[in-house]
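Dear colleague,

I am handing over the structure shown below. My findings follow it, and I should be grateful if you would read them with the coordinates open.

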Amino acid sequence: MEEIWRRLDAKARAVAERPIAALFEDPSRAGSFSARMGDMLLDFSKTNIDAEALELLIDLADAAGVAACREAMFSGEKINETEGRAVLHTALRNPSASIAVDGVDVMPGVRRTLARMRDFADAVRGGAFVGQGGPITDVVNIGIGGSDLGPAMACLALAPYHDGPRCHFVSNVDAAHIADTLNGLDPETTLVIVASKTFTTVETMTNARTARDWMAGRVKDPAAQFAALSSATDRTSEFGIAPGRVFGFEDWVGGRYSIWGPIGLSLTIAIGPERFDAFLGGGAAMDAHFRVAPFRQNLPVLLALVGIWHAQVLGHATRAVLPYDQRLARLPAYLQQLEMESNGKGVTMDGTPATRPTGPVVWGEPGTNGQHAFYQLLHQGTQVVPCEFLVAARGHEPQLAHHHRLLLANALAQSKALMRGRSLEEARALAETAGFRGKELDRQARHRVFPGNRPSTTLIYPQLTPAVLGRIVALYEHRVFTEGVILGINSFDQWGVELGKELATSLAPVLDGAPIPEELDGSTRALLRFVAEHD
Ligand SMILES: O=P(O)(O)OC[C@H]1O[C@H](O)[C@H](O)[C@@H](O)[C@@H]1O
């Protein structure tokens, strides 16, 4: 692979000065540097990737063994090597498959749990399951990380399909989060879902106990209005939740990949089991595409290769996710966990230090809001930030179609502006029109120059339906996987979150009043003293 990396580096140097816009002298570029999956189009023609670069990137994916690793993942091999686990979130959205782990078919269990989720969601939605004061009006999902971001993102994304009880999400251990969420809810008609794979996560368990206490003041049997999404059935029963309302999943579903199973229960209650099935179907369709489409037409592989080109070859340290879709407001946060917890690693599979930068910083906000905030830096700042636009051809508000037309115009204008820029000559003409002359004209013109040549991709789809959302999420999952394989890292563990948790556990007693340990560093001691003075 080293030789291919070297050739990519040489290619990057060769194209450094070439404007992306110049590549469009080839009239077929938009078609050659884009790919479709059904009615979804990924356009990566507004990047500096040309035929030779694409060839090299595909060689890189081949040399890294992406195809073999992909099959190893789908077939249940234990590719999460540091934890000795299979990686089978794809099984959750393909209930008719037959997949064995350690020689045991895991699919009957998947189907049983899915059927139980459906029954429970129907019961909550239809009134067969009621609170102690009547039908459930509100669902509070208490979880964090993968047990929060997926359902929170998807519930908002699919708001037009929401015909069940209202859904709320509490994740932060900050009392403000649960206090503000429960404020105004009726404990007699609220269902609390405690979502935690391990059922030990401090934030979630603290919030779950607070919710139970809140309910205890008003309802006779709070536990009867609790459900749990967890593999730890001993801990859920210790908490008092009846086994009939516990929905488990196996260790081969990582937290950030868990929206497809029980962690999707709040979403299922919100939009109904049929639409949740459509969401699963969208994910399964992307799986099928990822498994069979040639790399040149394979959306997850291409998105990964664009990512590798920008982060590992050109050295851009961040990438922005810019959904022109207000309902995808939580997608950047969701992708931050998916991408940064998966590929923010320092060592390769065999424990040796990574020789290239690993996963980039992922950040973003919906458009058009970002345009009036941080796009200044995207257009004129000194760092190049590759941008990933997402937009639907039509919205869900036909009576307000003019809003959507403006939204689309802005999305398309931004990617064009980033690529095209504005030359000094054009800027001078503008400044002249504005009345500037002489030296001042020159100064003013320079502030109006846009360097351009800033890369972006656009993912466009007809409408943000449950099936399309399923495809988008699976697209990004497989993109992360493909990048991880090329970088030779384990995308499925997350050891980097442990140290902070351990230290928080050791500091908690000090905040409860124990003396400040002498061996603590001076900064932490000073901060603790400040808390003690102002408590
Ligand atoms: O579902 P839980 O066991 O409560 O875990 C919740 C989250 O916390 C951990 O710290 C991990 O970083 C996440 O990957 C996980 O999704």
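The expected span of a helix is taken here as 1.5 Å times one less than its number of residues. Helices (H or I, at least four residues) and strands (E, at least two) are DSSP runs, numbered from the N terminus. Residues are numbered from 1 along each chain as its sequence is written. Please note that this is a predicted model: local features need pLDDT of at least 70, side-chain atom pairs count only at pLDDT 80 or more, and totals for chains, interfaces and linings use all residues.

Domains and their contact

The chain is divided into domain 1 (1-75 + 278-420 + 455-493), domain 2 (92-271) and domain 3 (497-533); these bounds come from an automatic or database domain assignment. Between the C-alpha centres of domain 1 and domain 2 there are 31 Å. Their contact involves 23 residues from domain 1 and 22 residues from domain 2, where two residues are in contact if their C-beta atoms, placed from the backbone, lie within 7 Å.

On the side of domain 1 that touches domain 2, at least two residues come from each of α12 (273-292), α14 (331-343) and α19 (466-487). The most is given by α14, with seven residues. By residue type, this side of domain 1 has 13 nonpolar, five polar and five charged residues. Ala, Val, Leu, Ile, Met, Phe, Trp, Tyr, Cys and Pro count as nonpolar, Asp, Glu, Lys and Arg as charged, and the others, Gly among them, as polar.

Helix α14

The 13 residues of α14 should span 18 Å at 1.5 Å a residue, and the end C-alpha atoms are 17 Å apart, which agrees. Ten of these 13 residues are buried, so α14 is largely enclosed by the rest of the structure. A residue is called buried if 20 or more other C-beta atoms lie within 10 Å of its own, exposed if 12 or fewer, and partly exposed in between, with C-beta atoms placed from the backbone. The buried residues of α14 are L331, P332, Y334, L335, L338, E339, M340, E341, S342 and N343. Their cover includes α7 (149-157), β12 (318-324), β13 (361-364) and α19.

The two sheets

Two strands are said to pair if DSSP finds at least two bridges between them. An open sheet of six strands has the order β1-β2-β15-β14-β12-β13, with mixed pairing. Its edge strands are β1 (34-37) and β13, each of which pairs on one side only. Within this sheet, β2 (residues 40-43) and β15 (residues 456-461) run antiparallel and are joined by three bridges. L41 has I460 as its bridge partner in β15.

A further open sheet has five strands in the order β8-β7-β9-β10-β11, with parallel pairing. Its edges are β8 (166-170) and β11 (246-247); each has a single partner strand, so one side of each is left without a neighbour in the sheet.

Strand β9 (residues 190-195) is mostly covered, with six of its six residues buried. T190, V192 and V194 point one way from β9, L191, I193 and A195 point the other way, and all are buried. In a regular strand the side chains alternate between the two faces of the sheet.

Five bridges pair β7 (residues 138-142) with β9 in the parallel sense, and N141 stands opposite I193 in β9. The strands β9 and β10 also run parallel, joined by four bridges; here I193 stands opposite A227 in β10. Finally, β10 (residues 226-229) pairs with β11 in the parallel sense over two bridges, and the bridge partner of L229 in β11 is F247.

Backbone points to inspect

A cis peptide bond joins G367 and T368, with omega of about 10 degrees. T368 is in the loop between β13 and α15 (375-380).

D102 is in the loop between β3 (100-101) and β4 (104-105), and counts as exposed because it has 8 C-beta neighbours inside 10 Å. F199 is in the loop between β9 and α9 (202-216), and counts as buried because it has 23 C-beta neighbours inside 10 Å.

With kind regards
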